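Okay everyone, quick one from me today. Have a look at the model on the screen and follow along.

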Amino acid sequence: MQGRVEVICGGMFAGKTEELIRRLRRATFAGKKVLAFKPAIDTRYSETDIASHAGVLFPSIPVKCADDILGHVGQYEQVDVVGIDEVQFFDPRVCAVAELLAGRGVRVVLAGLDLDYLGEPFGPVPRLLAVADIVSKVTAVCMKCGADATRSQRLIAAPEQVLVGAKDTYEARCRGCWSPHHG
Ligand code: ZN
């Protein structure tokens with residue numbers, strides 16, 4: 001089978017993880033061997049499952065770095081599909097890992113934020129978007145005006161780029177309603 005790299009990106013609450021899980025479930029129903037990963041940092045809803053804000057779950061393996069994914073995949077005779085959630089939290093090696101797996105015939109589906117709370121491209125995601133075969137941008141609904149939301153508004157003051165949170169920390173905003181300042 002021909003491998004490929006698929007990226008699902010957008011702001012928070014846009015349904016990125018739900019779309020990732022939808023694709024992984026379909027592959028599972030089709031009899032494919034599917035392995036899913038997430039960064040060990042993200043334990044908001046579940047220690048081991050990929051979990052969407054809406055509560056949809058898919059079993060996954062938490063890993064500390066992108067190269068650990070290769071070690072896990074290597075334990076199986078054949079893996080058809082690899083899913084990676086919250087890809088913005090991974091180290092830059094995740095691009096090389098995705099391309100290596102795709103070169104071996106694996107369908108790699110990655111989901112994550114394209115922009116951080118300051119509106120800057122997030123970690124390895126811009127490079128992934130460039131090397132991907134298929135990119136899907138998904139939008140949420142702006143909590144101020146109801147327009148399509150492409151950005152994540154941080155609601156509390158905090159200096160760090162990575163602030164793992166959910167509804168009390170961030171909300172979806174359109175370009176017009178979004179600000180790099182909190183609140
Ligand atoms: Zn708006």
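So, the lining of the second largest cavity: by class we get 2 nonpolar, 5 polar and 3 charged residues. Here Ala, Val, Leu, Ile, Met, Phe, Trp, Tyr, Cys and Pro count as nonpolar, Asp, Glu, Lys and Arg as charged, and the others, Gly among them, as polar. The lining includes Asp114, Asp116, Arg151 and Trp178. A cavity, on a 1 Å grid over the protein atoms alone, is a set of points where a 1.4 Å probe fits but cannot get out, and lining residues have an atom within 4 Å of a point. This one holds about 40 Å³ of space, the volume being what probe spheres set on the points fill, with points joined across faces, edges and corners.

Quick caveat: this is a predicted model, so local features need pLDDT of at least 70 and side-chain atom pairs 80 or more, while totals for chains, interfaces and linings use all residues. Numbering runs from 1 along each chain as its sequence is written, and side-chain values use heavy atoms, without hydrogens and water.

Now the zinc ion. Which residues are its protein donors? Cys142, Cys145, Cys174 and Cys177, each through SG, at 2.3 to 2.4 Å. (Donors are N, O and S atoms within 2.8 Å of the metal, or 3.2 Å for Na, K and Ca; water isn't among the atoms, so sites may look incomplete.) In sequence they're spaced C-x2-C-x28-C-x2-C.

Cysteine 174 counts as buried because its relative accessibility is 10%, whereas cysteine 177, at 26%, counts as partly exposed. Buried is under 20% relative accessible area, exposed over 50%, partly exposed in between, with a 1.4 Å probe and protein chains only.

Definitions and conventions:
1 Å grid on protein atoms, 1.4 Å probe; cavity = no way out; pocket = protein on both sides within 12 Å on 5 of 7 lines; lining within 4 Å.
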